[in-house]
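Here are my notes on this one, written to be read with the model open beside them.

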Amino acid sequence: MTIAGFLARNELLLLFVVIVAGVGLAKLQVRGVRLGLAGVLFAGLGLAALARPPEGALRLAPELKELGLILFVYCVGLTSGPSFFAAFRARGARLNVTVGLALLVGAAVAVIGGRLLGLDGGLIAGVFCGALTNTPALGAATEALRGSEASIGPVLGYSVTYPFGVMGALLCFRVYVHLRERGSSGPGSIRPEVKPAIENGAVVVTRAEVVGRTIGELRVQDELEVVVARVLRHDEQLVANKYTVLAEGDILGIVGTKEALARAIEVFGEPSHIHPAVDRGSIDMRRVLVSKHELGGLTIKELKLDRRFHAQVTRLRRADADLVPSSDFRIEPGDRLRIVAPRAQMTAIAEFFGDSERQLADVDFFGLALGLCVGLLLARVPIPLGEAQLSLGVAGGPLLVGLVLGRLGKTGRIHWTLPYETTHALRELGLLLFLAGVGVSAGSALAQLAWNSAVRLLGLGALVTLITTVVALVVTRLWAKEGSVATLGVSSGMQTQPATLAAAFELSGKSEATYVAYAVVYPVAMIGKILLAQIIALSV
């Protein structure tokens, strides 16, 4: 028996062989560009195209592919939900209109070009998905054509056009930055930005307008973006909270960025050379791990630490980033809080949050499964479009539900949020399963694709990539009137591609504003591509 025949008889082994080979490809880097996890797709395509056992083509159960897609998009929704809804209220409408316009232009180019080249709807949909590097949209188009002769078309179009979809977008970004740098150093130029560090400071209360008022009344966290951690009053150390009434001569220990500290000093009085350092005899400070899942989704205000323990959260660490949380900031399992509190309360505080790595590893599978059930039900709801009926599909339904549940955090005793590490692992696992499945299923058909057909698909895909990316860059800059950093973030969000986001982050001088702009438009771009891919596949 040949190796190919052995793999054909052992699907699970085939699955992991494809994943091993694909992850190896994903780590290869050429001029700073990597395939990422899409390497799994190409490993599946190559293996299935080259290895053709006498027993028939290699295959993986379609249920594996569908399970992977569902896990991936649902976890994307959970992690994007809070930032999406928060940022959308501020400036999301204009930015998402920009992304919607760019996607419509890209879809029009794909359809018109595809008809001129005599391509069917499945191939055109695949070109659209690959040129804009969106795997869930590929899943939606493939599902929409399930059972028809054109069902293999989306994967073929995607596989041929995906590589330039990544490289073409990166090329557009570099040209844009080059043009901006040749211009003036005004607000549209690119300037390196160092991530603001969180610092400690001290201020003496001297201003009459703050004396006799409470810290909560002054809205210190929300308006000044600092945390008053401690108060030194007549040689006595106090833990500050929103009920603390300020007195003249108080020395406040404050935490925030350098700019925020400067603003706070202007409000309270004068800088202090004496810092109210922690007196370990009466007041303690430590990091506590949020491991109790029932606390996920609660805001700092809802924790009521000041009343329960006379404690204060001064910093929050999430995914290697330190933040100064506002009172409305929602915590998640896996967050690490730096807390200042009376020494006698520290044991009770640790028990309140859990502070257990083992407890953190316990996933609330009831909430996860229920959320997926709701997402799959929504996926089947028909959306009338003329004579045809579309649906969000398993790529869109779980994504939309994940966005909403990620924003809610919890409903009664049901906790929707998952620890960051768990969400990330499930998302990556889902993507691996999906990419392996679609790669193996399309490999045999790709081997039969004529060279001239591949060149036509590649040319059309390159056109879609370049025109769509240029439209996003130009409209964001000129109509939405965003600076260059946000323009790069919005354009990478339109691509929904981690490689373009990483490039945009580097080109923007490592500005965190790139991530914010990306998060604002990412969900709309994702859902827009999913719907457009189905429309193209069914109507062309």
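**Notes on the predicted model**

1. Overall numbers to begin with. The protein chain has an accessible surface of about 24,100 Å², and 60% of that belongs to carbon and sulfur atoms. Bear in mind that this is a predicted model. The chain carries 20 helices and 15 strands, and 53% of its 540 residues count as buried. If you take the contacts between residues at least 6 apart in sequence, 79% of them join residues at least 24 apart.

2. Next, the five-stranded sheet. This is an open sheet with antiparallel pairing, and its strands run in the order β5-β4-β6-β3-β7. The edge positions go to β5 (236–239) and β7 (269–271); each has a single partner strand, so one side of each is left without a neighbour in the sheet. From one strand to the next, the twist averages 30°. As a reminder, strands of a sheet pair through backbone hydrogen bonds, either parallel or antiparallel.

3. Now for β6 and its partners. Strand β3 (residues 199–205) pairs with strand β6 (residues 251–256) in the antiparallel sense over six bridges.

4. Which way do the residues of β6 point? I251, G253 and V255 go one way and L252, I254 and G256 the other, and all are buried.

5. α9 lies across β3, β4 (227–233), β6 and β7, and runs at about 5° to β3. One of its residues, R263, forms a salt bridge with E225, with the closest N and O atoms 3.2 Å apart. R263 sits in α9 and E225 in the loop between α8 (220–224) and β4, so the pair ties together parts that are 38 residues apart in sequence. Both ends are partly exposed: R263 has a relative accessible area of 35%, and E225 is at 47%.

6. The other salt bridges deserve a line or two. Side chains of opposite charge can pair when their charged atoms come close. The structure holds eight salt bridges. Among them is E217 with R213, at 3.3 Å from N to O. E217 is partly exposed at 46% relative accessible area, and R213 is partly exposed at 31%. Another is E428 with R427, where the closest N and O atoms are 3.8 Å apart. Here E428 is partly exposed at 25%, while R427 counts as buried at 17% relative accessibility.

7. Back to strands, with β9 (residues 312–318). Six of its seven residues are buried, so β9 is largely enclosed by the rest of the structure. β9 pairs in the antiparallel sense with strand β11 (residues 336–342) over five bridges. Within that pairing, R315 stands opposite R338 in β11.

8. Last, a surface feature. F6, L13 and V17 make up a nonpolar patch on the surface, with about 230 Å² of accessible area together. F6 belongs to helix α1 (residues 3–9). With a relative accessible area of 42%, F6 is partly exposed.

Key:
Residues are numbered from 1 along each chain as its sequence is written. This is a predicted model: local features need pLDDT of at least 70, side-chain atom pairs count only at pLDDT 80 or more; totals for chains, interfaces and linings use all residues. Side-chain values use heavy atoms; hydrogens and water are left out. Buried means under 20% relative accessible area, exposed over 50%, partly exposed in between (1.4 Å probe, protein chains only). Helices (H or I, at least four residues) and strands (E, at least two) are DSSP runs, numbered from the N terminus. Two strands pair if DSSP finds at least two bridges between them. Axes are lines fitted to C-alpha atoms, for helices over the stretch in contact, and angles run from 0 to 180 degrees between N-to-C directions. Contact means heavy atoms within 4.5 Å. Patches are made of residues with over 30% relative accessible area and no salt bridge: like charges are joined within 9 Å, nonpolar side chains (Val, Leu, Ile, Met, Phe, Trp, Tyr) within 5 Å. Accessible areas come from the Shrake-Rupley method with a 1.4 Å probe; for residues, only the protein chains shown count as cover. A salt bridge is a side-chain nitrogen of Lys or Arg within 4 Å of a carboxyl oxygen of Asp or Glu.
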